[in-house]
Amino acid sequence: MTNRSDQQEHGPREAAPLRRMCWIFPDRESTRTTEMWRYFFWDLYEEIAGELGLSWCRHSPDAVTVDASDPARPVVYVDEEPVTPQDTLFVTALYSLPYQSMDIFNQYSLYTVLEQAGFYLPFPPYVSLIGNDKVATVLHLADSPVPPIPSIRIGTGRDVAKHQYEVALDRLTYPAIVKPAGWCGGGGINLARGPEDIRGLASLAQGGDTTLVAQPYLGDGTVDYRVYVVNGEPYAVMRRVPEAGSPVANASRGGTMEFPPVPPELAEATAYFAEKLRIPFFCVDFLYDGEKYWFSELEPDGVIAPDFTDPDRSLQRDIVRARFTAYRDAHAKWLANGTPSAPAHLMSPLPHRAPTSAPRSETR
């Protein structure tokens, strides 16, 4: 661990460099899902981080303890081990699948605490919220050069049977896609062929207070493109093709994956997203209906999927390595400049404090 007395003596300019990346992830996975995700990407993340001389860890929000007895010099622990803004960065995506719903507030509040405590976050809490809610995404990026899919946000609660949301459905065409506003992986996506289908889906969503998004269906065979953006440049693309008869291209719903060159139109649009977000890594999802592209979703912590036709998983390794290198370089620049994690226009109302002095010593 970092020698805190040395940090206090010499100050932040001689502080230890980045040594670990820590994902804050709700610990709610089943045994089967845990093993699947480990094979899919977690183990690879740890391996690539090791190649870059970094340790990698994944913890639930409750593993982090913050001693703010002296607010000017907070001390943060991960599983009882002290960590500092100099040696640790946290990846703080907001995860909100049904079995993670009880963690949502703890996730978001912890991310904000870490930001205020002076840690570098590759995407700060505000960006995580924009990426999590699909209508927030569309509104924030409304002037995208690739047009956003028209979207309607439907809240579902105790009065859902009053159908008050139908005031916004006049311009919705059918069939329509109805899906949760904040889930991922293609979960919960359904095809509604009329208002009555939406009423049924809304009543089911009521059971979990799940906010819905309704969008026009772009047609059978609509293809999904995920562009991986590293340091503002389109690094690679994953093309997902839906299974016959499915409205969803995600692999979890039977879609197939391939990795072609980045389409020129999407490569050109990347500059817009990079300027709006200004973070080291993110994914942008687009849909192609056979004639034109549509902007679909923003994924600050988008899955870097493996190419299963390549036993060495070379492209996946390459993208992960580029992502982690971008994080490391951005952290070093941030630490040197004492600047916030996010540009001013993405800052939360509370001021972010980058580390200006070494954390205080603690008595344990």
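**View 1. Aromatic pairs in the predicted model.** The structure holds 25 aromatic pairs, counted when the ring centres of Phe, Tyr or Trp (its six-membered ring) lie within 6.5 Å; planes under 30 degrees apart are stacked, over 60 edge-to-face, and the rest tilted. Take Phe40 and Phe308: their ring centres are 6.0 Å apart and their planes meet at 50 degrees, so this pair is tilted. Phe40 belongs to helix H2 and Phe308 to the loop between strand S15 (293-299) and H8, so the pair ties together parts 268 residues apart in sequence. Phe40 is buried at 15% relative accessible area, while Phe308 is partly exposed at 48% (buried is under 20%, exposed over 50%, partly exposed in between, with a 1.4 Å probe and protein chains only).

**View 2. A second tilted pair.** Phe286 and Phe295 sit 6.2 Å centre to centre, with 55 degrees between the planes. Both are buried.

**View 3. Helix H2 and its kink.** H2 covers residues 31-51 (helices are DSSP runs of H or I, at least four residues, and strands are runs of E, at least two, numbered from the N terminus). A kink of about 60 degrees is centred on Arg38; the bend is the angle between axes fitted to the seven residues ending there and the seven starting there. Among the buried residues of H2 are Trp42, Leu44 and Ile48.

**About these views.** This is a predicted model: local features need pLDDT of at least 70 and side-chain atom pairs 80 or more, while totals for chains, interfaces and linings use all residues. Residues are numbered from 1 along each chain as its sequence is written, and side-chain values use heavy atoms, leaving out hydrogens and water.

Technical notes. Expected span 1.5 Å × (residues − 1).
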